Amino acid sequence: MGTNSPTNSTDEAFMHRAIDLARQCPPSETAYSVGAVIVVDGEEIATGFSREGNDEKLHAEEAALNKLDPADPRLTRATIYSTLEPCSTRASKDHQPCAERILAAGIPNVVIAWREPSLFVAACAGVDNLREAGVDVRELPDLAEQAMAPNRHLNLN
């Protein structure tokens with residue numbers, strides 16, 4: 001399974017789309033600005049970004065998945081691009097963690113730009129949990145700085 005796989009042009013293009021979405025997030029001092037794109041057979045089928053629709057607790061992956069029927073058979077062939085590692089724990093306990101939502105949807109591929117730092121929750125295990133469940137997770141460290149940029153106000157040193 002992938003780790004820091006070489007960036008291919010498709011992964012790069014969809015991650016740039018996710019980064020553009022992250023820039024649309026209303027700023028928050030208590031949450032990351034993240035963008036997500038769900039792709040099947042090279043076609044974007046849903047997008048989302050943190051706090052979309054001014055819902056303070058909405059995560060990007062959650063926003064994208066909410067736009068699709070959970071039984072959509074395309075999800076079993078999908079790739080979700082997220083600028084940040086899908087969460088394994090939520091500060092807002094009334095929402096299911098994004099890694100669990102991805103697993104429940106049957107999405108077999110996840111591409112991220114950077115791992116979640118321990119700023120709002122203890123160590124995130126989203127990538128590890130997804131990989132343990134058989135999901136192919138690819139990381140694009142060359143795009144991490146761009147993906148982090150909408151979060152500079154959080155002082156992520």
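This is a predicted model: local features need pLDDT of at least 70, side-chain atom pairs count only at pLDDT 80 or more; totals for chains, interfaces and linings use all residues.

Me: Which element gives the largest share of the largest nonpolar core?
Reply: That core has 24 residues, and Met15, Tyr32 and Trp114 are among those with the most contacts inside it. α1, β1, β3, β4 and α5 each supply at least two of its residues. The largest share is 5 residues, and it comes from α1.

Me: And on which side or sides of α1 do its buried residues sit?
Reply: The buried residues of α1 include Phe14, Met15, Ala18 and Ile19. In an α-helix, residues three or four places apart point the same way.

Me: Which residues does Leu143 touch, leaving aside its neighbours within four places in sequence?
Reply: Leu143 is one of the residues with the most contacts inside the largest core. Its partners, with those neighbours left aside, are Glu12, Met15, His16, Ile19 and Ala113.

Me: What arc do the buried residues of α3 cover?
Reply: Helix α3 runs over residues 98-105, and its buried residues are Cys98, Ala99, Arg101, Ile102 and Ala105. They lie on the same side of α3 because the arc they cover around the axis is only 160°.

Me: What covers those buried residues of α3?
Reply: Both strands and helices take part. The cover includes β3 and β4, along with α2 and α4.

Methods. Residues are numbered from 1 along each chain as its sequence is written. Side-chain values use heavy atoms; hydrogens and water are left out. A nonpolar core is a set of buried Ala, Val, Leu, Ile, Met, Phe, Trp, Tyr and Cys residues joined through side-chain atoms within 4.5 Å. Buried means under 20% relative accessible area, exposed over 50%, partly exposed in between (1.4 Å probe, protein chains only). Helices (H or I, at least four residues) and strands (E, at least two) are DSSP runs, numbered from the N terminus. Contact means heavy atoms within 4.5 Å. The arc is that of the directions from the helix axis to the C-beta atoms.
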